[in-house]
Amino acid sequence: MGSFSALYSKENTIREKIKKSVDKTVSLYYYCDTVKNELFAELAVDFASPLPVYEQIKRSIKQAIARSIISESQALPSIRDLASFLKINPNTVARAYRELTQEKIVNGRAGVGFWVETTERMELDKSDLLREEFKKFMEKAIEMGFSQRQIRELIDRYFPEGGAR
Amino acid sequence: MIAINQLTVRFGRVRAVDGLSATIDKGESILLAGANGAGKTTLLRALAGVLRSDHGSIRYGGRDADHRTRRRIAYIAASISLYDTMTVKEATRLHGHFYGRSADWALSGPAFPPGQRIASMSKGEKTIFFLSLALAALPDYLFVDDVVHFLDPHLREVFLTSILRLIEEKQLTVIMASQSSFEIEGIPERVVIMEKGRIILDERVDALKQKFVKFYGTSAPRDIPVVFSRQWQNSREMFVYPYVPEVHRLHGVEHLSLSEILRAFIGGEYARH
């Protein structure tokens with residue numbers, strides 16, 4: 001009986017712990033979704049990658065624009081917010097924003113804020129981004145030993161019968 | 001700006017820092033890497049003014065180190081015994097008095113009971129407490145020894161966030177010594193690798209990632225600067241630095257992450273090269 005009640009209280013502590021961690025996760029998502037914007041959820045930095053961090057940020061912002069997660073004239077997170085969210089040096093974020101500004105994709109100034117200037121140019125880059133992702137996919141598929149026909153089939157299955165889309 | 005000129009610190013016959021020169025701009029964040037005994041801690045202690053140099057000079061913003069520049073320097077040592085007999089309240093008051101600023105705001109993170117003895121804190125708690133004291137003085141320069149691994153994930157986040165805030169708001173100059181880069185990887189923009197009291201590499205992180213490549217081969221072509229190589233199964237891994245465009249005619253050229261680059265440079269084969 002004694003061991004049962006010990007087990008019971010242990011279970012309760014575990015339940016309490018799980019509840020706490022779930023609450024934390026939920027509040028994080030809430031933060032991503034509403035207080036800031038969806039873009040936060042899209043931006044991640046991979047330190048194991050050979051790509052410079054500022055380059056990774058540039059890419060994910062471009063991808064977010066290409067995928068319409070963020071639209072024209074919409075504000076980007078402030079340098080401070082993004083730096084503390086990703087735990088990276090604010091100068092790195094500033095550099096990414098500066099270069100995006102030079103590429104005329106983003107406009108703004110440190111201290112004032114940055115926003116998406118135009119999505120038009122992104123239309124041109126979209127195919128580049130797709131090609132890049134596609135190349136990664138193909139390399140993996142070939143590595144795994146899929147044949148040309150199998151890969152074609154897989155792609156065709158994504159489109160309705162007749163393939164006119 | 002910090003200007004280090006021909007700095008030498010000797011312990012008996014050993015030159016822990018050996019004629020080292022470097023310039024660090026205001027607002028820069030530097031990762032100081034190197035094998036055990038490379039001289040990282042000695043350099044930080046000399047920068048913090050804890051150790052006297054045997055030769056050479058360190059100037060802060062064009063001034064020699066005096067009591068005024070010392071007030072603008074914060075140093076987080078890996079082994080801290082200072083204040084051990086005091087309570088949290090006493091240490092905070094003493095520190096605030098010395099720096100002329102109240103340290104009461106401390107950190108948003110853990111609040112220590114004012115009556116707690118410093119001696120009773122764990123290594124991680126001491127680290128975060130001393131960081132809070134140090135940052136409360138709003139320093140211009142922060143030197144951090146290899147302490148991040150003492151901190152649990154939550155305290156590590158508190159630690160990094162507080163430093164990032166001061167980098168952004170006050171253009172804090174940060175030098176952090178670390179064995180591994182992954183815990184603090186987002187912070188440094190420049191990496192300095194030491195070996196036997198000297199700097200063997202000093203690069204911006206982004207540039208280094210572009211300039212350092214690896215390929216597989218049997219022998220190193222003459223026009224490719226292979227810094228060192230090691231046997232890997234049936235072939236040799238060759239590490240090239242600095243990058244030359246000719247490397248691309250070779251087989252399997254790869255760029256590497258910062259931690260892989262550091263691993264290649266620190267200790268072992270590169271040091272013997």
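Is the crossing in which α4(B) passes α5(B) left-handed or right-handed? Keep that question in mind while reading these notes on a predicted model; point 1 takes it up.

1. Let us start with the two helices. α4(B) passes α5(B) in a left-handed crossing. Two packed helices are described by the angle between their axes and the distance between the axes. Here helix α4 (residues 123-136) of chain B and helix α5 (residues 153-170) of chain B have axes that come within 11 Å and cross at roughly 15°. Because angles under 35 degrees count as roughly parallel, α4(B) is roughly parallel to α5(B).

2. Now look at which residues meet between these helices. On the α4(B) side you will find B:G124, B:I128, B:L131 and B:L135. Facing them from α5(B) are B:L155, B:V158, B:F159, B:S162 and B:L166.

3. Next, find the open sheet of 4 strands in chain B with the order β2-β1-β4-β5, in which the pairing is antiparallel. Which strands stand at its edges? They are β2 (14-24) and β5 (63-64) of chain B. Each has a single partner strand, so one side of each is left without a neighbour in the sheet.

4. Within that sheet, follow one pair of strands by eye. Strand β1 (residues 2-11) of chain B and β2(B) run antiparallel and are joined by 7 bridges. A handy place to check this is B:I4, which stands opposite B:A22 in β2(B). Helix α1 (residues 40-48) of chain B lies across β1, β2 and β4 (55-60) of chain B, and this helix runs at about 60° to β2(B).

5. Chain B also has an open sheet of 4 strands with the order β12-β13-β11-β14, again with antiparallel pairing. The edge strands here are β12 (226-232) and β14 (254-255) of chain B, each of which pairs on one side only. How many bridges join strand β11 of chain B to β14(B)? There are 2 bridges between β14(B) and strand β11 (residues 213-217), and the two strands run antiparallel. To locate the pair, look for B:V213, which stands opposite B:H255 in β14(B).

6. Step back to see chain B as a whole. Its domain assignment gives domain 1 (2-203) and domain 2 (204-272). The C-alpha centres of these two domains of chain B lie 32 Å apart. Their contact takes 15 residues from domain 1 and 12 residues from domain 2. On the domain 1 side, β3 (29-34), β9 (190-195) and β10 (198-204) of chain B each supply at least two residues. β9(B) gives the most to this side, with 4 residues. The residues of the domain 1 side that touches domain 2 divide into 7 nonpolar, 3 polar and 5 charged.

7. Finally, turn to the place where the chains meet. Chain A puts 18 residues into the contact, and chain B puts in 17 residues. On the chain A side, the elements that give two or more residues are α3 (53-66), α4 (79-86) and α5 (90-102) of chain A. Which element of chain A gives the largest share of the side that touches chain B? That is α4(A), with 4 residues.

Terms used: Residues numbered from 1 in each chain as written. Chains lettered and ligands numbered in written order. Predicted model: local features only at pLDDT ≥ 70, side-chain atom pairs only at ≥ 80, totals over all residues. Pairing = 2+ DSSP bridges. Contact = placed C-beta atoms within 7 Å. Domains from an automatic or database assignment. Nonpolar A, V, L, I, M, F, W, Y, C, P; charged D, E, K, R; others polar. Axes fitted to C-alpha atoms, helices over the stretch in contact; angles between N-to-C directions. Parallel < 35°, antiparallel > 145°, perpendicular 65-115°, else oblique. Left-handed = near helix turned anticlockwise from the far one by under 90°.
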